[in-house]
Amino acid sequence: DSLRSYLMPHALRTQSLHGPIPVTTFGPKACMLQNPHAVMHIQDPASQRLTWNKPPKSVLVIKKIRDASLLQPFKELCIFLTEVKNMIVYVEKKVLEDPAISDENFGAITKKFCVFREDLDDISNRVDFIICLGGDGTLLYASSLFQESVPPVMAFHLGSLGFLTPFKFDTYQSQVTQIIEGNAAIVLRSRLKVRVLKETWEKKARVDEKGLILTNGDVESSRKAMQYQVLNEVVVDRGPSSYLSNVDLFLDGHLITTVQGDGVIVSTPTGSTAYAVAAGASMIHPNVPAIMITPICPHSLSFRPIVVPAGVELKIMLSRDARNTAWVSFDGRKRQEICHGDSITITTSCFPLPSICFRDPVNDWFESLAECLHWNVRKKQNYLSSEDEEF
């Protein structure tokens with residue numbers, strides 16, 4: 001009994017520190033390459049590699065829409081995948097609705113595509129891996145299409161920032177071939193599982209003896225739940241109101257603080273280099289199991305960004321004395337109003353996004369810091385000679 005009383009809190013603490021155990025299969029055919037030298041099945045996140053239990057046959061190509069510069073790379077890639085690699089290519093319907101795509105040569109290729117529509121067609125078990133053409137937004141969009149297991153994502157840097165897109169398009173044929181053959185480095189980008197519970201009030205109706213519907217003014221409440229998988233961040237802000245945002249923040253059921261300011265950002269390590277870093281947060285490597293809480297312009301000089309273990313459950317609600325409602329968005333999408341009685345519950349998802357690396361998770365991350373944010377870039381001091389020291 002004494003041993004059990006020691007081990008149980010220890011096990012709970014371990015789960016809390018590292019969050020839920022992520023899945024190790026990604027889409028229908030991809031999985032993690034097992035390291036035979038790993039001790040007790042604990043694998044170094046920096047050495048995680050991708051392999052296939054069956055050869056991949058289908059690929060989803062996501063292209064940033066309304067971007068003329070991507071038309072030629074998109075066509076080249078799709079012709080290569082269909083004609084050379086004999087892959088089944090999935091493309092979103094609105095991508096093919098661009099008049100500039102329709103030409104005589106490419107028209108025959110598009111007839112071979114499998115076309116789908118967002119929110120209408122389920123492709124979660126049909127796609128073996130994903131190729132993104134564009135900026136970081138294309139990767140966020142790819143994440144939103146898969147609410148459970150996400151196929152491996154290969155992202156080409158063809159946008160404005162490219163923090164999450166390590167591949168250059170110049171040598172796409174050899175790079176795509178290498179991925180199809182398997183054994184590529186990956187980083188598991190943790191996502192947030194977000195549950196929004198909205199309380200709605202409706203007038204109760206009663207029927208009289210003659211069958212007429214009467215409304216007596218009484219109201220009854222009902223609850224509507226929505227769930228999202230978020231790669232970057234959940235942002236709660238004050239919306240169009242001129243008043244301060246006033247929301248209560250709970251951690252594992254305990255009230256931690258009340259956020260008074262423009263709002264609060266709850267982000268993954270991947271999202272630490274997005275909105276959070278602009279609001280004063282630290283940059284965290286995506287292999288770190290954590291959730292970041294960053295206030296937006298807090299009306300308190302002592303409210304600093306904090307990092308909590310990946311396994312905790314956060315809950316955000318409007319404060320009882322809040323002067324106005326709040327607004328919430330998920331990776332910049334699905335923006336909606338949060339009223340009194342509504343709640344937002346956030347924890348680490350067990351369905352991460354497997355992002356294929358160009359080299360490895362460490363080198364890719366520091367190169368993106370240097371290239372995209374010019375991190376720690378300054379002129380070096382001149383060498384100090386012995387003569388200069390005398391002065």
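The structure is a predicted model, in which local features need pLDDT of at least 70 and side-chain atom pairs count only at pLDDT 80 or more, whereas totals for chains, interfaces and linings use all residues. Residues are numbered from 1 along each chain as its sequence is written, and side-chain values use heavy atoms, with hydrogens and water left out. The average pLDDT (the predictor's confidence in each residue, from 0 to 100) of the protein chain is 88, and 86% of the residues score at least 70. Over residues 2-14 the pLDDT is below 50, and this stretch has one contact (heavy atoms within 4.5 Å) in the model beyond near neighbours in sequence.

The protein chain contains nine helices and 22 strands; helices (H or I, at least four residues) and strands (E, at least two) are DSSP runs, numbered from the N terminus. Of its 391 residues, 46% are buried, that is, under 20% relative accessible area, with exposed meaning over 50% and partly exposed in between (1.4 Å probe, protein chains only). Among contacts between residues at least 6 apart in sequence, 70% join residues at least 24 apart.

Helix 6 spans residues 172-181, and its residues Tyr172, Gln175, Val176, Thr177, Ile179 and Ile180 are buried. Their packing partners include helix 2 (71-84), strand 9 (184-189) and strand 22 (353-356). Glycine 182, with a positive phi near 95°, follows helix 6. Strand 22 holds serine 355, which is buried at a relative accessible area of 3%. Beyond its neighbours within four places in sequence, serine 355 contacts Val153, Ala185, Ile186, Val187 and Arg189.

On a 1 Å grid over the protein atoms alone, a pocket is an open set of points where a 1.4 Å probe fits, with protein on both sides within 12 Å along at least five of seven lines, and lining residues have an atom within 4 Å of a point. The lining comprises 24 residues, with Asp119, Ser144, Leu145, Phe146 and Gln147 nearest the centre. Helix 5 (136-144), strand 11 (213-230) and strand 20 (333-338) each give two or more residues to this lining, and strand 11 gives the most, with four. Because domain 1 (50-182) and domain 2 (192-200 + 224-351) both contribute lining residues, the second largest pocket lies between them; the domain bounds come from an automatic or database domain assignment.
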